[in-house]
Amino acid sequence: TRPSYGILKPLVPSQTTTPSSLLRKPIAYLAAPFTDKATEPAVTAVAHHDSDVQRRFESWPDVAPAHGKIQDSNYRQYLESIETLVREAGYQTFLPHRDVNRWGERELTPSQAASECTKHVFESDVLIALPELSLGTHYEIGVALGYGLPVVVLLSQDHNTSFIMQGLGSLPNVSFVTFSSASDLRERLTRALTDLAAYPLR
């Protein structure tokens with residue numbers, strides 16, 4: 001059964017449902033690499049003994065390691081240009097790099113990051129992912145698929161992704177958008193989102 005977070009919008013009219021809520025725009029969660037694009041690595045220390053490793057794993061939920069900041073303006077603009085395409089297709093958007101931790105200005109513990117990002121995936125209607133080799137983005141895709149959300153995977157010819165990610169296109173609720181240029185991305189992503197818009201909201 002799905003988690004009972006009490007955050008999903010109703011699919012059918014009820015006593016508390018208004019016409020405006022039924023006409024709401026679908027919400028798209030935009031998942032993309034963070035740590036690999038940040039100025040500082042998420043964890044820089046190396047443990048040398050088993051006891052050190054155990055202590056580090058036990059302390060991670062309670063500490064706020066320096067997860068870095070995304071200061072590359074080109075990368076920020078790149079993500080926000082994708083967001084613009086999604087909005088132009090009729091979707092509301094949620095960009096966690098900006099909307100959860102303000103591009104790294106807001107420090108989060110691993111447990112806080114996992115909890116908040118998972119919550120917002122559950123609140124969304126579709127997940128749009130630029131996976132590359134990001135572990136976090138792979139996790140968010142897995143959460144979305146397990147929850148039954150449609151997933152649009154953006155695969156740039158300039159970046160590699162994981163072996164298993166390449167195989168997700170065989171799943172019925174996963175759409176691949178491969179692209180080699182900004183104009184290519186605009187055309188193919190817009191088409192994929194238009195196709196998704198034909199389905200009812202969750």
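## Close-up views of the predicted model

View 1. Thr 137 is a residue of helix H6 (helices, H or I, at least four residues, and strands, E, at least two, are DSSP runs numbered from the N terminus). The model is predicted: local features need pLDDT of at least 70, side-chain atom pairs count only at pLDDT 80 or more, and totals for chains, interfaces and linings use all residues. Residues are numbered from 1 along each chain as its sequence is written, and side-chain values use heavy atoms, with hydrogens and water left out. With a relative accessible area of 0%, Thr 137 is buried (buried is under 20% relative accessible area, exposed over 50%, partly exposed in between; 1.4 Å probe, protein chains only). Not counting residues up to four places away in sequence, Thr 137 touches Ala 31, Ala 32, Pro 33, Ala 129, Leu 130 and Pro 131 (contact means heavy atoms within 4.5 Å).

**View 2. The protein chain as a whole.** Eight helices and five strands make up the secondary structure of the protein chain. Their order along the sequence is α-β-α-α-β-α-α-β-α-β-α-β-α. The protein chain has 202 residues, of which 38% count as buried. Of its contacts between residues at least 6 apart in sequence, 68% join residues at least 24 apart.

**View 3. The largest nonpolar core.** This core has 26 residues, and those touching the most other members are Val 86, Ile 128, Val 152, Leu 154, Leu 185 and Leu 189 (a nonpolar core is a set of buried Ala, Val, Leu, Ile, Met, Phe, Trp, Tyr and Cys residues joined through side-chain atoms within 4.5 Å). Two or more residues each come from strands E1 (27-31), E3 (126-129), E4 (151-156) and E5 (174-179), and from helices H3 (73-88) and H8 (182-196). Another core, of 21 residues, lies apart from it and includes Phe 94, Leu 108, Leu 127 and Ala 144. Beyond its neighbours within four places in sequence, Ile 128 is in contact with Ala 28, Tyr 29, Leu 30, Ala 31, Val 86, Val 152, Leu 154 and Leu 193.

**View 4. Packing of H3 against H8.** The axes of H3 and H8 are 9 Å apart, at an angle of about 40° (axes are lines fitted to C-alpha atoms, for helices over the stretch in contact, and angles run from 0 to 180 degrees between N-to-C directions). H3 is therefore oblique to H8 (under 35 degrees is roughly parallel, over 145 roughly antiparallel, 65 to 115 roughly perpendicular, and the rest oblique). H3 contributes Ile 82, Leu 85, Val 86 and Glu 88 to the contact, and H8 contributes Leu 185, Arg 186, Leu 189 and Leu 193. Six of the contact residues are nonpolar, none polar and two charged (Ala, Val, Leu, Ile, Met, Phe, Trp, Tyr, Cys and Pro count as nonpolar, Asp, Glu, Lys and Arg as charged, and the others, Gly among them, as polar).

**View 5. Two loop residues with positive phi.** Arg 102, in the loop between helix H4 (96-99) and helix H5 (110-122), is not a glycine but has a positive phi near 50°. Its relative accessibility of 47% makes Arg 102 partly exposed. Glu 132, in the loop between E3 and helix H6 (135-147), is also not a glycine and has a positive phi of about 45°. Glu 132 counts as buried, at 13% relative accessibility.

**View 6. Gly 68 and Thr 35.** Gly 68 sits in the loop between helix H2 (50-59) and H3, and is buried, with a relative accessible area of 5%. The C-alpha atoms of Gly 68 and Thr 35 are separated by 6.9 Å, while the two residues are 33 residues apart along the chain.
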